[in-house]
Amino acid sequence: MTILPTLKCMTVAAAILASTTALSFAKELTVTVWAGGTGPNDVYRLDAIEIAAEQLQREAAIKGEELKIKVEKKAYSGWEDFKQAMTLAAEAKTAPNIVVTGHEDIGPWAQSGLVVPIEDYVDLDSWPLNNIYENLMDIASFSGTVYGIPQDAESRPMFFWKPHMKAIGYNDADLDALPQKVQDGSYTMKNLLEDAKKMQDKGLVQPGYGFYPRYTNGPDFWQFYTSFGGTMEQDGKLVFDKAAMQRAYQFFADAVKDGVTKKNHIGMPADQWWKEVASGKAGIWHGGTWHYARYVNQEGLKDFFGNVIFTLIPAGEGGKANTLTHPLVYLLTSGHDKDDTEIAAQLIKIASEPRINVLHAVKSAHLGISKSETEIELYSSDRWTREATERLLPYANAMPNNADFGTYWNIMWKGLEASWTGAKSVDAAVNDVEGELKGTLGDKIIIR
Amino acid sequence: MRSSRTLGLIMIAPAAIMIVLFFLMPVVLTAVFSFTNMTTATGISGGAYQIAPNSLIALKDEMPEVVQQLTEPRYAIDEEGIKGVEGLALEPGIARELREKHLGEVFSSRREAERMIKDLTDRPSTRDVKQISEQFNRSVANLRFSSKEDLFASLDKFGFKMTPEEKEGLASATYTGWSWTTENFSRIASSPDMAQILFNTLLYVALVLVLFNTCYAMLLAIWTHYMPNVQATIFRSVWLLPRITPVVIYVLMWKWLAWDTGFISTFMGKFGYAPKNYLLDNAYNAWLFVVLINGFIGASMGMLVFSSALKAIPKSQFFASEVDGASRWQQIRYIILPQMRWPILFVTCYQTLSLLASFNEILLSTRGGPGKATEVWSLAAYHTALNNYAGNLEYGLGAAMALVLVIIGIILSLAYLRVFNYATLVARPLIED
């Protein structure tokens, strides 16, 4: 009779023990992801992490572990709010586990310890990370350490409104040959301004709409500096090529002087700009590969290829045709439990798999991050991603991941704005930029 | 008496704490930050020592060999490391195989060492690979040390022969944190842009203050004073609309008005003028709009203060002056204005200080443009401290700019207190004590 209670006790004890063992494998966590500059076409920047979480949970279940991951997503449509929120939250130790941001943030954020190297958590030699384009992995590194995983690639082409080009004398064959002519350097910035002027003179576009550049500060403007022979960084040191910057500033000052670009163009309402470039109100403009998604989805430009032709940014005097890739990267922030960071790293790794990343690439008209991605039918059958990858990506530069690049950039933009709006002459603007760079960055920048 | 004093202190304590936390502390912190070179890259809470190739660029000329050695990651499979691996309680075969097959091997990068580890028969998981490779790290490259002592200890441990001076030089070159400096103020003093921004600020404050916050507000108050009550109330309410409309929407309405496709362009188009962005067309236009936007918001406060002050003037004075045949202008000149001295001074003082610090309407309408034409001091401080495309916010310089503004504000406040003759206002009443 005493056996039964003993047995009962033992059974209960065993059950308790078993449940605690099971509990020891169970892990529940919330992974927070924030993404900057993320509009309705870019949802997969965040959703990819959710898909990855589902996959990682299944993988854990096979290994007999119970893993429950809740993904909390937050998209910031702009960059200012996002960067303020992220840097201040990270200082207050309340940063999200994962951030999706421009690669140029890696420099300052890594130096201050706000982000941790992803190479401490993942095997870079294993798939899919070993399949990501080598140059993109370099862009996601700082000082020889891989801090992030590229989330997308893109480039920033020059767009031409085909009907206007035809109206000023180009035929279909000329237009088909234009990308190659730009690449060879036989169609230059000078030709671009001439064509823009012709469009205006013929009354195809209003004054100031011939060349319709980006209306806010952004990475695009470094392309013009490169186009006129400038170098951003050399052997780890920033470079300010005075003559090249002067030629780049002069280009915009000339565009305003010729009347093909508006003096007051900077700061115009975003919606107006998008509508005008997608409807032929502007003749020639520059933008990003992802613009395609907005033109087609939100701006109602149904026949993109019938109306628009895209090329590299043409060469200017002293430089060559180029484009700039500004990949966003997945970064891991510091201040979290090591195990949680490791799971966040695994999620990033899974989210970088071609089938998942291709959803973002095609939906948002960004470019793929790996060779395998271009072989997936969804990608290869999409004319935009295919052509943009082939024609632009091989010629793409990137901005340096240098902790002081932001300071350089601010000063450069200030000079460009001043010479564009006529607040300063080009010479005065370049001299002021030089003076401010010397005063601010000292020997951290080579001035030549 | 003692107990009533204590009670008084207790009663005032919440307010005192609030004042210290929300008024005094921000100013003190701004002052502290302004004497640092703090940015996102240096962090706020303090730095670390990191031997990254980038941070050693400055030392390349001074001690090239040391720099070369320091930046090269080196992974050596030695007995000490293998003992460390044994301590990790992994599969015993891992340490055994490392000892038997790889003892004495040296790898120049972590990746190469990890490739070897991944090829072991008992293939460890990625996490274990990282733990194992760490046991063999014999270099300081890319490591972060929270203190100088830790850095020096590691240098000694890995056998780097360096003099104390070299170590100090290395420490200062690889320190990632902020340091004390007065450079922000010399940058402010020497930059031609800052002079322009200061001029913009003075222009902005003067125009809005004189044209709208005082003169126009006074005009509105006098107009409504002579109106019948109902009409006056409606009129005043209308003028309050810009103040109570959310500023984002209010400024957006102005932007719609001034766009290329906005109301002004459409209207002017009827007369053959090409559409243009009137708001940003040139610096003069931008200034006009900035002053109008802020003026229409700011005029309402002065209007309310002046209106109530007007109501306090005994009606008998107006009746008497009318009997004497005084015109409206004479009433304004000899009755209203002399009695409005204090309200005018108050509005001037209050609005000067608030205009100096306000920038949200400018940020939303012109963002300081075109060019930097409408960039005022507080907006420039905001742009510097909290807005950088490349994620590197310059807290130190921004704080220094804010501090300049605080100092100007304090000086002006003291000046106004003197004009108001504050001592007389708060003098003890003669009938007590």
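Colleague: Which residues of chain B does the UniProt annotation "domain: ABC transmembrane type-1" cover?

Modeller: Residues 199-416 of chain B, according to the unreviewed UniProt entry. The model itself is predicted.

Colleague: What makes up the span 199-416 of chain B, by helix and strand?

Modeller: The span is 77% helix and 0% strand. Its end C-alpha atoms lie 21 Å apart.

Colleague: Now chain A. What are the bounds of domain 1 and domain 2?

Modeller: Domain 1 of chain A takes 6-154 + 326-397, and domain 2 takes 158-324 + 404-447. Their C-alpha centres lie 33 Å apart.

Colleague: How do you know how many residues of the two domains are in contact?

Modeller: Contact needs heavy atoms within 4.5 Å. By that rule, 19 residues of domain 1 of chain A are in contact with 21 residues of domain 2 of chain A.

Colleague: What is the area buried between these domains of chain A?

Modeller: About 1900 Å², with 65% from carbon and sulfur atoms.

Colleague: Which element gives the most to the domain 1 side?

Modeller: Helix 18 of chain A, with six residues. By class, that side of domain 1 of chain A has eight nonpolar, five polar and six charged residues.

Conventions: Residues numbered from 1 in each chain as written. Chains lettered and ligands numbered in written order. Predicted model: local features only at pLDDT ≥ 70, side-chain atom pairs only at ≥ 80, totals over all residues. Heavy atoms only, no water. Domains from an automatic or database assignment. Buried area = accessible area lost by both parts, 1.4 Å probe. Helix = DSSP H or I, 4+ residues; strand = E, 2+ residues; numbered from the N terminus. Nonpolar A, V, L, I, M, F, W, Y, C, P; charged D, E, K, R; others polar. UniProt positions renumbered as here; feature names shortened; annotations may be inferred.
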